[in-house]
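Visitor: I would like to go through the sheets of this structure, strand by strand.

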2 protein chains.
Amino acid sequence: MRFIDAEVAKLLKLKAMLNNNEEDTKSKFTLKTPKGMRDYGPQQTAVREKVLKIIGDCFKRHGGQAIDTPVCELKETLTGKYGDDSKLIYDLADQGGEMLSLRYDLTVPFARFLAQNKISFIKRYQIGKVYRRDNPVMTKGRYREFYQCDFDIATTSDPIIPDAECLRIIYEILNSLDMKNFEIKVNNRKILEGLLSICDVPSDKFKTICSSIDKLDKISWEEVKREMCEEKGLQESSADKLGEFVKLNGSLQLVEELLSGDLSKNAKMKEGLEEVKLLFKYCIAMGISDVIKFDMSLARGLDYYTGVIFEAVLLGQHEVGSIAAGGRYDSLVSLLSDNKHNIPCVGVSIGIERIFTIMERNESATNFYPTKCFVASMGKGLVEERFKLLTELWDAGIAAEHSFKTHSKPLNQYQYCEEKGIPFVVAIGGDEISKGVVKIREIKTRKEFEAKRENLIDELRKLLN
Amino acid sequence: MRFIDAEVAKLLKLKAMLNNNEEDTKSKFTLKTPKGMRDYGPQQTAVREKVLKIIGDCFKRHGGQAIDTPVCELKETLTGKYGDDSKLIYDLADQGGEMLSLRYDLTVPFARFLAQNKISFIKRYQIGKVYRRDNPVMTKGRYREFYQCDFDIATTSDPIIPDAECLRIIYEILNSLDMKNFEIKVNNRKILEGLLSICDVPSDKFKTICSSIDKLDKISWEEVKREMCEEKGLQESSADKLGEFVKLNGSLQLVEELLSGDLSKNAKMKEGLEEVKLLFKYCIAMGISDVIKFDMSLARGLDYYTGVIFEAVLLGQHEVGSIAAGGRYDSLVSLLSDNKHNIPCVGVSIGIERIFTIMERNESATNFYPTKCFVASMGKGLVEERFKLLTELWDAGIAAEHSFKTHSKPLNQYQYCEEKGIPFVVAIGGDEISKGVVKIREIKTRKEFEAKRENLIDELRKLLN
């Protein structure tokens with residue numbers, strides 16, 4: 001006996017050790033989403049769907065057709081399109097076969113789609129997630145996986161006609177989303193090019209000086225100047241000249257003043273200013289010129305822009321940053337098709353993560369729960385009767401559900417409806433079934449009345465309208 | 001002179017070589033989507049949106065709430081959930097930080113979401129793309145990136161109540177999509193477990209023999225038997241016994257016969273059969289039992305199923321394979337949460353790529369082009385007048401567009417409308433503007449009439465209804 005006890009003790013000890021080891025291994029398991037990526041719960045998804053519907057409807061109102069491209073592209077398709085930001089691209093592991101990356105935006109995949117299919121006319125929109133290995137700042141709505149809503153017009157055109165429509169689209173969307181206090185800054189890459197040449201910036205410093213200018217909405221001119229001169233080796237005289245011009249911003253009047261002044265002796269500058277002037281005229285015709293601001297400090301980071309550029313910001317919410325931006329890119333398609341095919345493009349991208357953050361706050365009290373009618377049973381053994389009744393409701397297109405228990409107390413069922421915001425209960429018991437009736441109860445008022453089974457759908461439709 | 005000519009010739013030769021080199025480098029660039037992934041053009045996307053709307057509406061009708069999870073998961077979240085198929089998972093490159101993979105299905109991310117947020121009740125749906133490094137067969141609708149539409153119920157419940165609703169959801173969706181000739185095969189992992197034990201299959205061979213049985217819809221019993229005995233070392237007597245049972249399929253009557261026979265002496269078998277019997281009863285109540293077929297050869301590949309399993313197939317379209325499938329998985333959440341949280345789940349996944357292929361065929365003639373009204377101008381210099389008119393239409397919610405040229409011939413504009421299927425043209429010229437009228441033209445009938453500008457929206461709305 002003593003022998004057996006000892007053996008049992010040993011075994012128990014071994015078992016305990018095994019369990020501990022198992023727990024050690026298991027506890028290393030991390031239960032989380034990848035860094036900078038997040039789940040959207042039901043309430044967030046419902047708000048998001050509402051926002052996306054408004055945006056999609058606007059795109060369609062402007063003749064936009066949706067397309068969809070893979071979330072992966074060949075690595076080489078993305079190479080050399082994003083300047084310094086290329087380091088933020090997610091690559092897939094080499095598992096044999098092609099080298100792939102996750103898309104960084106929707107513009108380059110769109111240009112690849114145009115080049116591959118030799119398309120020379122389309123108004124397309126695309127709503128999808130893009131991926132950037134950036135430093136995530138959740139509070140500012142900056143994620144590593146986030147949605148973009150892009151509308152682009154690919155066509156040969158007379159100047160600025162499609163560009164102006166892009167600004168109108170931003171205007172309509174922000175208004176529909178009740179973000180009424182915004183302005184759309186506009187500039188033109190041709191103006192920047194002219195400006196840098198006027199200020200004697202060497203042409204090889206064009207891109208890097210542009211990216212310094214682009215920081216003016218975040219840091220002061222003094223800091224930008226220091227970066228230009230000390231880090232990037234620009235002459236101080238050049239920087240000072242630039243400093244005078246990038247302060248300039250205003251309306252059509254400013255554009256016209258500059259056009260009649262010395263600046264427009266530079267051909268590029270003149271061309272750019274003429275385009276912005278035309279843009280203003282079209283914006284006046286569309287009733288949106290009040291929100292348009294010509295801003296010579298707007299530069300935009302991406303390599304591929306060639307003409308008009310723009311960016312919408314919410315006023316008084318500086319920390320939110322831009323919520324829509326875009327511009328003209330007339331050479332990107334040729335870059336992807338080895339010049340075999342080209343088509344000029346202009347487009348806008350709505351940055352909805354920031355809009356979501358604001359909308360979620362506004363819609364926090366909205367009940368998006370889909371169910372309109374809860375089927376309750378009073379008494380036991382009525383699951384099949386409930387299913388019959390549910391089927392009538394589903395067939396009529398009424399969102400309906402019941403308890404997943406064979407039997408539960410009426411009070412519990414009503415409480416569930418209150419929690420979820422289900423407005424009506426249809427209840428049956430043995431009596432109701434034999435009499436061919438149902439009880440309809442409105443949760444909010446606790447009013448209850450009896451209806452004939454054959455009139456149920458009509459009664460509910462009346463109540464739901 | 002001769003010297004200069006010679007030098008020029010040399011330089012030209014050098015230039016040509018450079019150009020050639022440049023072309024060589026460029027021509028290596030491949031203009032394509034990744035293997036097994038595809039673009040959806042405008043027509044395909046419109047069909048897809050129609051299908052997804054029908055599916056989403058059905059999910060909502062059953063109280064489903066949408067959630068969204070990242071396209072990437074931590075690699076360890078996916079490890080050990082998919083049996084042999086784990087080799088098909090796409091990994092991301094190690095760029096520092098966490099090891100990530102692309103999601104393989106929507107079920108494991110859902111279970112991770114439940115475990116992470118300790119949720120014990122939700123009816124959720126999710127529509128999103130999943131990724132498998134499988135051998136793509138485009139003609140069969142098998143891609144490496146494809147959509148899944150999942151509806152799952154996570155709750156403790158009395159037996160089979162949520163399971164039955166999943167079958168009803170498949171029924172409603174396939175009917176709404178006009179795929180009326182289908183059947184839903186059902187079986188139960190408990191029945192399979194009992195069966196293998198009755199046929200003396202060693203328990204360590206359970207999974208591998210199940211996966212052989214699963215092939216019965218693709219290869220003959222003789223081939224399956226050969227695989228079981230020769231490759232997997234099963235006794236021939238066991239295989240022969242199995243062979244008798246897996247042939248069995250039928251309706252509730254068969255289930256009841258088996259329940260009253262010898263098989264149900266095995267406890268697992270009895271439990272499984274009772275569940276299928278109850279499932280049939282609920283399906284009768286919901287009016288869908290005609291399409292339900294109990295099939296003892298249905299095994300389903302994935303590791304995580306624990307109870308009822310099911311699979312919908314289109315009859316007479318064998319090559320299409322299953323178009324919806326699912327089952328009960330009562331332990332997956334606990335696996336992801338180290339047993340700290342568990343909740344039983346049952347769910348269905350609609351495989352819409354196959355449905356798209358069929359629907360695209362049916363909808364090839366449907367015009368999805370969004371624009372309802374084209375604004376034409378007669379005469380030059382009217383772009384701003386067009387923008388004014390367009391703005392009135394956009395404000396009224398009417399999808400409208402115009403030419404991107406300052407001026408084009410009326411005939412060209414009408415022809416464009418015919419090509420795109422835009423039903424109406426609103427035309428203005430100098431005369432119309434000064435008289436405060438517009439010309440409205442119906443493209444199909446070529447009928448044209450004049451309307452007062454202030455009545456334009458009302459007139460168009462009448463015509464469009």
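**Two sheets in chain B**

Guide: This is a predicted model. Strand 15 of chain B, residues 437–442, pairs with strand 16 of chain B in the antiparallel sense, over five bridges.

Visitor: Which are the edge strands of the open sheet of five strands?

Guide: The order in this sheet of chain B is 13-12-14-15-16, with mixed pairing. An edge strand here pairs on one side only. The two are strand 13 (400–402) and strand 16 (448–452) of chain B.

Visitor: How many bridges join strand 5 of chain B to strand 11 of chain B?

Guide: Both belong to the open sheet of nine strands, ordered 1-4-5-11-10-9-6-8-7 in chain B. Strand 5 (residues 145–154) and strand 11 (residues 345–350) of chain B run antiparallel, with B:D152 opposite B:G347. The number of bridges joining them is six.

Visitor: What angle does helix 13 of chain B make with strand 5 of chain B?

Guide: Helix 13 (residues 352–362) of chain B packs on the sheet and touches strand 5, strand 9, strand 10 and strand 11 of chain B. Its direction and that of strand 5 of chain B make an angle of about 120°.

Note on methods. Residues numbered from 1 in each chain as written. Chains lettered and ligands numbered in written order. Predicted model: local features only at pLDDT ≥ 70, side-chain atom pairs only at ≥ 80, totals over all residues. Heavy atoms only, no water. Pairing = 2+ DSSP bridges. Helix = DSSP H or I, 4+ residues; strand = E, 2+ residues; numbered from the N terminus. Contact = heavy atoms within 4.5 Å. Axes fitted to C-alpha atoms, helices over the stretch in contact; angles between N-to-C directions.
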